[in-house]
Amino acid sequence: MKNQSVSNNIDWITILLYSMLVIMGWLNIYSASLPLESTSIFDLDQIYGKQILFIILTIPLILVILTVDAKIYEKYAFVFYIIGLVSLLGLFVFGKTIKGQTNWYSIGGFTLQPSEFVKTSTALLLAKYLSDVQVNLKNLNDQIKAFLVMGVPLVLILVHDTGTAMIFVGLVFVLYREGLPSGYLWTGFGAIGLFFLALLVEPQYVIIIAALAMLIQFFTAKRINRNPLASIILFVIVSAFTYSVDFVYDNVLEPHQKDRINVLFGGDNVDLKNEGYNLNQSMIAIGSGGWFGKGFLEGTQTKGGFVPEQHTDYIFTTVGEEWGFVGAIVVIALFVTLFIRLIYLAENQKTKFSRVYGYCVVTFLFMHFLVNIAMLIRLFPTIGVPLPFFSYGGSSLFAFSILLFIFIKMDANKVNEW
């Protein structure tokens with residue numbers, strides 16, 4: 001049977017949602033970076049001019065992705081992965097340091113952040129590995145190999161960029177969807193909760209709480225499920241972890257990382273003129289928008305330049321101030337609709353490779369969305385994560401577009417899958 005053309009099977013709903021987010025993102029970048037004397041929207045001396053150039057350059061990039069045979073992404077997944085790792089290793093030699101982070105290559109007048117593109121190569125190799133019929137995530141060896149696929153780029157990125165590295169942790173949800181025991185998720189959530197609890201409460205009180213919880217669980221469990229040795233080992237691990245938190249905080253975390261945690265939990269003790277300034281100004285800008293906002297180009301916080309990095313990590317503050325609560329809900333609804341649509345498409349793939357990759361796409365986009373907005377309203381430490389399709393930057397826009405449209409191509413090609 002002759003292969004059907006994929007051009008008639010492209011999911012235009014996803015492309016429409018993508019286009020709306022990109023356009024709305026540019027409008028907010030335009031507002032956040034507009035100088036006192038407005039110029040052409042194509043003025044490359046202005047941030048909004050550069051962003052519109054990036055958007056235009058994304059179009060042929062998308063066309064290439066949709067033209068290339070979908071099988072290439074699976075066939076050469078390992079090659080893409082190695083190229084990604086090499087690009088990360090190259091930062092140690094050729095990387096450019098910007099604001100204390102060596103995450104960039106400088107090419108002419110533009111910069112390129114390889115960690116953004118490594119998300120796609122990691123997703124491709126993880127999908128290829130998990131699609132092997134012999135792989136079973138109930139087996140420890142297969143679990144280790146899957147964690148290595150995720151962990152190698154994570155470690156290389158962690159050296160330079162904690163925020164992006166944390167996004168990779170979200171791939172655990174993909175593994176869970178494909179059969180990873182739920183104990184890993186609960187252990188992870190427990191460790192995160194215990195870490196922050198140990199920062200807020202004296203270690204001895206945390207240990208007392210943990211001991212009481214374990215005793216209650218032990219005596220309320222069925223006799224056949226009671227294991228005194230396992231409970232003792234768990235208590236020792238929890239105690240050691242709890243006491244290690246202060247050591248990690250004092251000796252491992254960088255000063256700016258400590259400041260971000262202090263801002264999150266410091267309450268009234270936070271210095272709003274120093275480490276708490278960015279967050280305080282972002283919350284003022286979002287709160288000042290009220291229900292319907294001050295209007296496009298009318299944000300006083302935005303125009304006054306009170307929110308640092310407003311066109312990048314803090315771009316959602318422009319939405320809150322100028323479009324208000326209603327506008328913010330519309331933007332959030334568009335993102336959520338995109339996530340739901342991608343999950344629907346992923347579940348309807350005919351191959352496991354395409355399904356796993358689809359879930360990787362959802363995970364990366366959702367983690368960026370969740371962390372970016374959460375850090376602006378003091379629900380998560382500020383870690384410098386862009387909002388997909390909204391934040392300024394060629395690397396971010398290109399990388400998210402590549403990540404998404406490879407999946408759109410896979411979905412369009414499912415008519416030829418058996």
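Begin by selecting Arg177 in this predicted model: at 31% relative accessibility, Arg177 counts as partly exposed. Side chains of opposite charge can pair when their charged atoms come close.

**Lys294 and Glu321**

Select Lys294 and Glu321 next; these two residues form a salt bridge with the closest N and O atoms 3.1 Å apart. The pair connects distant parts of the chain, 27 residues apart: Lys294 belongs to the loop between helix 14 (277–288) and helix 15 (300–303), whereas Glu321 belongs to helix 16 (residues 316–347). Lys294 is partly exposed, its relative accessible area being 30%. Glu321, by contrast, has a relative accessibility of 0% and counts as buried.

Now extend the selection to Arg177, Glu178, Glu347, Lys352 and Arg355: salt bridges with shared partners join these residues into one network.

**Helix 6**

Turn to helix 6, residues 114–130, and display the side chains of Glu116 and Lys119. Where do Lys119 and Glu116 lie relative to each other in the helix? The two are three residues apart, about one turn of the helix. Their side chains meet in a salt bridge, with an N to O distance of 2.7 Å. Are the two partners buried or exposed? Lys119 is buried, at a relative accessible area of 1%, and Glu116 is also buried, at 3%. In total, the structure holds seven salt bridges.

**The strands**

Select residues 96–98, which make up strand 1, together with residues 101–107, which make up strand 2; the two strands pair in the antiparallel sense over two bridges. To inspect this pairing, pick Ile98 and then its bridge partner in strand 2, Gln101.

What do strand 2 and strand 3 form? They form a hairpin with two residues between them. In the turn, select Gly108, which has a positive phi of about 65°.

**Helix 16 against helix 18**

Return to helix 16 and show helix 18 (residues 394–412) with it; the two axes come within 11 Å and cross at roughly 40°. That angle makes helix 16 oblique to helix 18. The crossing by which helix 16 passes helix 18 is left-handed. To view the residues that meet, select Leu342, Leu345 and Ala346 in helix 16, then Leu404, Phe407 and Asp411 in helix 18.

**The whole chain**

Finally, clear the selection and display the entire protein chain, which has 18 helices and three strands. Colour the chain by accessibility: of its 418 residues, 47% count as buried. Among contacts between residues at least 6 apart in sequence, 70% join residues at least 24 apart.

Notes. Residues numbered from 1 in each chain as written. Predicted model: local features only at pLDDT ≥ 70, side-chain atom pairs only at ≥ 80, totals over all residues. Heavy atoms only, no water. Salt bridge = Lys/Arg side-chain N within 4 Å of Asp/Glu carboxyl O. Helix = DSSP H or I, 4+ residues; strand = E, 2+ residues; numbered from the N terminus. Buried < 20%, exposed > 50% of the residue type's maximum accessible area, 1.4 Å probe, protein only. Pairing = 2+ DSSP bridges. Axes fitted to C-alpha atoms, helices over the stretch in contact; angles between N-to-C directions. Parallel < 35°, antiparallel > 145°, perpendicular 65-115°, else oblique. Left-handed = near helix turned anticlockwise from the far one by under 90°. Contact = heavy atoms within 4.5 Å.
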